[in-house]
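Please look over the sequence and the structure shown below.

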Amino acid sequence: MGPKTLKVGVLLLDVSNPRVEIAKSQHEEIQKLFDDQGEGVLSLAEDILENGLSPIERLLVIRDSTDTEKFVVLEGNRRLLALKVLTNASLLGGLEIEAKLKADLEEVASRFRRKQMPQTVDCFVVNSREDARHWILLRHTGENDGAGVVDWTAIASARFRGEDPALQALDFVMKYGALSAEEKAYVGR
């Protein structure tokens, strides 16, 4: 169907989310995600508060079968959970989460409201779960011979982060060290 900007309030967590066991309700899905991710949800919420949502990633959604005004998030449930907490901290009520985590999340949500952050999300709407399957597989199942998300090597990560004298020495050896192709492949991991 295509790109669409949607309000956080019309987005539903996927109760069939493969990250956790199937849930019977939104509340149960939230609990399962907190049980699985815990502090990670807080870290994600803090990052969203400071930097917004990544401009290179959208949520992948499908229209809800029982309420056509709502959309189920097939990819991006952790981000959606963080956004839901940021926009409505009362969502934490009735959940079994550590008191400190709950207090920290409420504090971040308070800062989110004071900052008057946008409450919309860039999404991509698909017609069916099957239409989403290929993209979700590529996102979460490794490199897939180059078709999926390819992680950077430690060297590539160090290059991106900045000038490291050890990396500069390694680059020099790679360029001028008369290494064989096999040695270069081994060093370049």
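Helix H3 and helix H4 (residues 99–115) pack with their axes 7 Å apart and at an angle of about 75°, where axes are lines fitted to C-alpha atoms, for helices over the stretch in contact, and angles run from 0 to 180 degrees between N-to-C directions. H3 is therefore roughly perpendicular to H4, a term that covers angles of 65 to 115 degrees. On the H3 side Val-85, Leu-86 and Thr-87 take part, and they meet Leu-105, Val-108, Ala-109, Phe-112 and Arg-113 of H4; contact means heavy atoms within 4.5 Å. By class, the residues of this contact are 6 nonpolar, 1 polar and 1 charged.

The model is predicted, so that local features need pLDDT of at least 70 and side-chain atom pairs count only at pLDDT 80 or more, while totals for chains, interfaces and linings use all residues. Residues are numbered from 1 along each chain as its sequence is written, and side-chain values use heavy atoms, with hydrogens and water left out.

Gln-31 belongs to helix H1 (residues 26–37). With a relative accessible area of 14%, Gln-31 is buried (under 20% relative accessible area, with a 1.4 Å probe and protein chains only). Apart from neighbours within four places in sequence, Gln-31 is in contact with Leu-95, Glu-96 and Ile-97.

The pockets come next. A pocket is an open set of points on a 1 Å grid, where a 1.4 Å probe fits, with protein on both sides within 12 Å along at least five of seven lines, and its lining residues have an atom within 4 Å of a point.

| Pocket | Volume | Lining by class |
|---|---|---|
| Largest pocket | About 690 Å³ | 8 nonpolar, 8 polar and 11 charged residues |
| Second largest pocket | About 370 Å³ | 8 nonpolar, 1 polar and 5 charged residues |

Of the 27 residues that line the largest pocket, Leu-74, Glu-75, Gly-76, Ile-136 and His-140 lie nearest its centre. Two or more residues of this lining come from each of helix H2 (39–51), strand E4 (71–75), helix H3 (77–87) and helix H5 (129–140), and H5 gives the most, with 8 residues.

The second largest pocket has about 370 Å³ of space, and among the 14 residues of its lining Ile-56, Glu-57, Arg-58, Trp-135 and Arg-139 are the closest to its centre. To this lining, too, H5 gives the most, with 4 residues.

Methods:
Grid points are joined across faces, edges and corners, and a volume is the space filled by probe spheres set on the points. Ala, Val, Leu, Ile, Met, Phe, Trp, Tyr, Cys and Pro count as nonpolar, Asp, Glu, Lys and Arg as charged, and the others, Gly among them, as polar. Buried means under 20% relative accessible area, exposed over 50%, partly exposed in between (1.4 Å probe, protein chains only). Angles under 35 degrees count as roughly parallel, over 145 as roughly antiparallel, 65 to 115 as roughly perpendicular and the rest as oblique.
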